[in-house]
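The sequence and the structure come first.

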Amino acid sequence: MRDVIAAEWLKVRSLRSTRWTVVGTALAVAGSAAVDAYTNQPESRFELSDAFPLAGFLVLIVVATGSGSSTMLGEYSSGLIRATSVAVPARTDVILAKAAVIVALWTVAGTVIAATSFTIVGLILGDVTLSRPGTGAALLAAILIGPVCALIGLGLAALVRHAGAVYVSGIMLLVLAPQLFSTRQELPRAINHAMLLPAWQRLTQAFGTPEAAGDIYPTAPHAWLTYVLWPLTLLVAAVLVHRRRDV
């Protein structure tokens, strides 16, 4: 398994687009945070939610999903998946190795991005402190959104295989679909709360008790459960489909 992970890491590292994708995403998030902070200055003091701007992190969500899916789509489109299947007959190991690599990559990238965004906004608005309630959870949610979306992208790619359909479905599921379900009625609210974007918003932008957050966002435990179930479900589906489907 270690050799398979090493081989998958070499594939990702050899792509020049990987480093530029991560750097570009980090600059987009940091720039968005800086612009928001300057816009709010001096009317407001530092608020934890300022460090995680929605616009910047939407870029991160879309890019990480695309990055995760490209690890599968690139092999399908080039035919390399046949050589990989011959070299590593255990197809489950291939999927798990790809998952391990993109999780490691986007966890490191997410840590740098979240820390940079938090620091920049804190320097601009001042009064920054790590002891504020909710800071640890917000930072962790901001770090993990990247690997979670990358795993979702990997799962979608293994299931759908077609690049255009994967990218559109990823954006629909993660970005646009929550806007289609109102939080004013019970059933649409339950669907909305089961999606990843409201979970991220709850953990990084809405703090306090469920009563304080209202019905707009899921509860914090519900949000963390969403963080686990979405990538886990798609990863299991990807393993099952990849084991049974011809390459």
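## Helix packing and overall fold

In this predicted model, helix α6 (residues 135-160) packs against helix α11 (residues 220-244) at an angle of about 20°, and their axes are 8 Å apart. Angles under 35 degrees count as roughly parallel, and α6 and α11 are therefore roughly parallel to each other. The crossing of α6 with α11 is left-handed. The residues of this contact comprise 21 nonpolar and 1 polar, with no charged residue.

The protein has 11 helices and 0 strands. Its order of elements from the N terminus is α-α-α-α-α-α-α-α-α-α-α. The radius of gyration is 19 Å, close to the 18 Å that the globule rule gives for 247 residues, so the protein is as compact as a globular protein of that length. Along the principal axes, the C-alpha atoms fill a box of roughly 60 × 40 × 30 Å. Of the 247 residues, 44% count as buried.

The unreviewed UniProt entry places the feature "transmembrane region" at residues 20-39, 51-74, 95-125, 137-157, 164-181 and 224-241.

| Span | Helix | Strand | Distance between end C-alpha atoms |
|---|---|---|---|
| Residues 137-157 | 100% helix | 0% strand | 30 Å |
| Residues 164-181 | 94% helix | 0% strand | 24 Å |

Notes
Residues are numbered from 1 along each chain as its sequence is written. This is a predicted model: local features need pLDDT of at least 70, side-chain atom pairs count only at pLDDT 80 or more; totals for chains, interfaces and linings use all residues. Side-chain values use heavy atoms; hydrogens and water are left out. UniProt positions are given in the numbering used here, feature names are shortened, and annotations may be inferred rather than shown by experiment. Helices (H or I, at least four residues) and strands (E, at least two) are DSSP runs, numbered from the N terminus. Axes are lines fitted to C-alpha atoms, for helices over the stretch in contact, and angles run from 0 to 180 degrees between N-to-C directions. Angles under 35 degrees count as roughly parallel, over 145 as roughly antiparallel, 65 to 115 as roughly perpendicular and the rest as oblique. A crossing is left-handed if the near helix is turned anticlockwise from the far one by less than a right angle, and right-handed if clockwise. Ala, Val, Leu, Ile, Met, Phe, Trp, Tyr, Cys and Pro count as nonpolar, Asp, Glu, Lys and Arg as charged, and the others, Gly among them, as polar. The radius of gyration is taken over C-alpha atoms; the globule rule is 2.2 Å times the number of residues to the power 0.38. Buried means under 20% relative accessible area, exposed over 50%, partly exposed in between (1.4 Å probe, protein chains only).
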